[in-house]
Amino acid sequence: MATPATIVASQPIAPEQASLWSDAWRKLRRNRLALAGAIYLTFVVAVALTALVYTPYPMAKVGVGIPYTGPSPEHLLGVDTIGRDVLSRLMVGAQVSLLVGVGTQLVVLAIGVPIGLGAGYFRGWFDQVMTFVINLFYGVPNLLVALILVFLLGPSLTNIIVAIASTGWMDMARLVRGQTLSLRERDFIEASRASGARPAKILFGHVLPNALGPIIVQATFGVPAAILFEAFMSFLGLGVPPPMPSWGSMAADGIVAIRIAAYMVVAPALALSLTLMAFNFVGDGLRDALDPRQRR
Amino acid sequence: MFTRGTLIYIGQRLVLITLAVLGVSSLVFVGVHRLPGDALFSEHLHGTQYELTLHHYGLDRPLWQQYVTFLWNMLHGDLGESLVNRGVPITPIVAREMSVSAEVGMVALIVTVGLGMSFGVIAALRQNTWIDYVLSTTSVIGYSMPNFVIATFLILVFGVWLENVTQGNFFYQIGWPGRYGSIGAIWLPAFALGFPSASIVARMTRASMLEILQQDFIRTARAKGLPTATITIRHALRNALIPVVTVLGPLAMAIITGGVVVENIFGIPGLGKEFATSILNRDYNVVIGVFTGYAALVGLTNLGVDLLYVVIDPRIRY
Amino acid sequence: MASPILQVKDLRTEFTTHDGVVRAVDGVSFDLYPGESLGIVGESGSGKSVTALSLLRLVPSPGRVVGGQVLFHNDDLLQLSDEDMREIRGRDIAMIFQDPQSSLNPVLRTGFQIAEAMLAHQRATRAQSLRRAVELLKRVRIPAAESRARDYPHQLSGGMRQRAMIAMGLANAPAILIADEPTTALDVTVQAQILELLADLNQELGAAVVMITHNMGVVAGLCTRVIVMYAGKIVEQGPVEQIFENPQHPYTWSLLKSIPRVDSLRHERLRSIEGIAPDLLRPPRGCRFHPRCPFRVEKCFSEEPSLKEVKPDQLASCWVTMDRARAEMGADTLLDIRPGAASGVHPGELVD
């Protein structure tokens, strides 16, 4: 009766501990749409980089071909209304889109994240003021604000980035604020506070890493939103100044000729739509991958 | 449902909206006055005539005086006079264009919610079948395409290729009773405006329906022996509406924003078109008016959405 | 004895998962007599809830009922068409669930949700159904029933919500009411009230009640017969008093022993059953309980016992039974209840 029981060997006790990031990476790799999107985006980046050193024709040179000519072996995507090569302009347009897209999000992150962290963590008057300012910005359609800003500051790539970012930072700030508000009640933050850590360290060392997931997703979705925004603005004539081509302005130029030379609109419109779609797929994939509620 | 608390809430919001409108107009007022060259300037007026005109508009007074007059007029609903079209008061124009933009926007919103939710529900009920894949892919394409691309495409299809059918008819005339009958007057612009939003709604509805159908109260409904259709519509859909209503605010904003572009493409005489025209003509008074109109439109739309929330979800009360 | 209104024969329900097939209900058979209250007891994962869901064909995917019969008035429910099954649900056999908060639709009024049960089955008008819903609410002892009927679920307390659910279940005067852990999500005091209500309703309405729970105390208070489930199988069944007094299956015995008693001596340790519930993907060979059983013998490791009548009206599936454990292994004075402790049989010493 006092014999100790011999334990039959059994399987390992717990499944291997996977961190959120490696887990997410696994899930992301399995998402075919996201993968397709990522591949396409790499392609776009490659095109944009190539355009730095090579385009079939100089993108601003007028008269390299007969205007209104459709696609041909010399001009793979045809020639536009004043004789410029559409393909070359499309390639440079990729640069513009990427710069605007990523650039605005960097600015949005730089502004929105600290504000959100501060408002969510310190509360008090800072939070009140910030919330008020945020709501103020929401009062007017963002397109108009951006348009007016560009109008005031003059059209240039930097101004456009600033204008778009200044209408988009509120969403990031609100997101970060919300995340901070819920994270600050968690025990590990209390523990940090109790051990005397300074607010900056808590915010950047503890809160921020935990909020990183939604922030990344938001920024990833922000890129196509910004690109779309710029396209809108270009379409209305307040985008990047000529001769820099933007897919939006190319579409606007091409609309007048839609009956006889549809390719002038189709090419940039397609480029825009595909790029936006690709970003959205990747964003979706990231969001699903980083969602802690989904198992597997 | 419209309790005393709600009415008080509405009152408070209206006050806030008024303040916001005043705030926005003031900002635009100041901003605009720092811009070089206005409509008057570009008309190349000289000498006495120029001074007379300036005086007529009160532009020769110090800025702060102008601002006070401006505020005072605003509170009386007077948005001043157009710089380009002498003697034409702006307020009625803005009011009319607001209603136009609002109308097109409303139709777009109905398209958004109606089409979007239908697609979403169908996709959820037929999860993982080809219908689901088609609808889901269409949604992603839908919200990835800029609305001016969709608008252009629609014009291409209906205006160019199908010209014999539609007779290239794209006129939107205010108060024209037939405008809902002609495809180009409201339906096409509303569709171009609403389709991206509809796609977002479709995706949300699908995800939310799928989640709801896993909920316990659906199991209860089945245990009661309710027919599937009743469960889907009365039990599931009502709950799926809630997250949709939460994004209705931003969606409405997107539609208002998108209207700026779409109105210009389709030639609809709304605020968006006025915006483009007035900027082009440097008619700054009208610009201020347009911004004011938009601020009011946005404020009222957001209020409407918040009230809708109360109607849909009985757990919300102000 | 009257003939049973429900006869479950060899019910089998499986869940097809990524990692394999889980046999959640693996050959369950029992009878239900009119007006009686039957308890189904077991720990989480024993298959008790899935059994109940299987009766009404409400098992969520990836689960499916794969075998057996459920005879209700001589119709096999498992063979009925979807439409016929739908008519039985809520009308002849009703089921109420564990968490009334999540089991009621938050956007519909409470009274309406009860009326709905009637509208779906009877030819009553909407107005009539709503009136009857208020009557039902009174029946389940909810004060101010008229205004409560117009309230939404979130406006009611937990106890009231559960009463409303009971009202919903009884709306069409079903022959059988299945209650899946109706008190688990409630406060202790409210639990007692709900159980009392169910007992009274069982008497008044003559509906048979199937009470699913993991709490032996609930069974003791409410049920006349009990079924004990473990790992998807029935391990013991019989009249409540008999089983409580003289459980024959070691699992039942352990369950009863683990209830802390007010009159126990202070130095007695709280006992719990060693080990965790078995993995239903790869159930243990032989008797499913043997890895945790203090009284196991060699046979338990290799051969699975079947339900046999070990006392009048009492069935258990065990090679040893508690009578023998008491006689030969000193079960009554056992201090160490670890697996194999009483019988001294351990895996390493098996000669296979």
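This is a predicted model: local features need pLDDT of at least 70, side-chain atom pairs count only at pLDDT 80 or more; totals for chains, interfaces and linings use all residues.
Tutor: Two strands pair if DSSP finds at least two bridges between them; helices (H or I, at least four residues) and strands (E, at least two) are themselves DSSP runs, numbered from the N terminus. Residues are numbered from 1 along each chain as its sequence is written, and chains are lettered from A and ligands numbered from 1 in the order in which they are written.

Student: What makes β10(C) and strand β12 (residues 314-316) of chain C a pair?

Tutor: DSSP joins β10(C) to β12(C) by 2 bridges, and since the rule asks for at least two, they pair. The two strands run antiparallel, and one bridge partner in β12(C) is L315(C), which faces Q237(C).

Student: Which other strand pairs with β10(C)?

Tutor: Strand β9 (residues 225-230) of chain C pairs with β10(C) in the antiparallel sense over 6 bridges, and V228(C) has E236(C) as its bridge partner in β10(C). Together β9(C) and β10(C) form a hairpin with 2 residues between them, where A231(C) in the turn has a positive phi of about 50 degrees.

Student: Why is β10 (residues 233-239) of chain C called mostly covered?

Tutor: A residue is buried if 20 or more other C-beta atoms lie within 10 Å of its own, exposed if 12 or fewer, and partly exposed in between, with C-beta atoms placed from the backbone. In β10(C), 6 of the 7 residues are buried, and the strand is therefore described as mostly covered. Helix α7 (residues 187-194) of chain A, by contrast, is hardly covered, with a count of 0 buried residues among its 8.

Student: How do you know that V8(C) is buried?

Tutor: V8(C) has 23 other C-beta atoms within 10 Å, and therefore counts as buried. V8(C) is found in strand β1 (residues 6-17) of chain C, and its C-alpha atom is 5.9 Å from that of Q69(C), 61 residues apart along the chain. Two residues are in contact if their C-beta atoms, placed from the backbone, lie within 7 Å; leaving aside neighbours within four places in sequence, V8(C) is in contact with V28(C), S29(C), F30(C) and V70(C).

Student: In chain B, why are helix α11 (residues 228-266) and helix α13 (residues 284-312) called roughly antiparallel?

Tutor: Axes are lines fitted to C-alpha atoms, for helices over the stretch in contact, and angles run from 0 to 180 degrees between N-to-C directions. Angles under 35 degrees count as roughly parallel, over 145 as roughly antiparallel, 65 to 115 as roughly perpendicular and the rest as oblique. The helices α11(B) and α13(B) pack at about 170 degrees, with their axes 10 Å apart, and are therefore roughly antiparallel to each other. Their contact has 13 nonpolar, 3 polar and no charged residues, where Ala, Val, Leu, Ile, Met, Phe, Trp, Tyr, Cys and Pro count as nonpolar, Asp, Glu, Lys and Arg as charged, and the others, Gly among them, as polar.

Student: How many residues of chain B touch chain A, and of which classes are they?

Tutor: 27 residues of chain B are in contact with 28 residues of chain A, and that side of chain B divides into 22 nonpolar, 5 polar and no charged residues.
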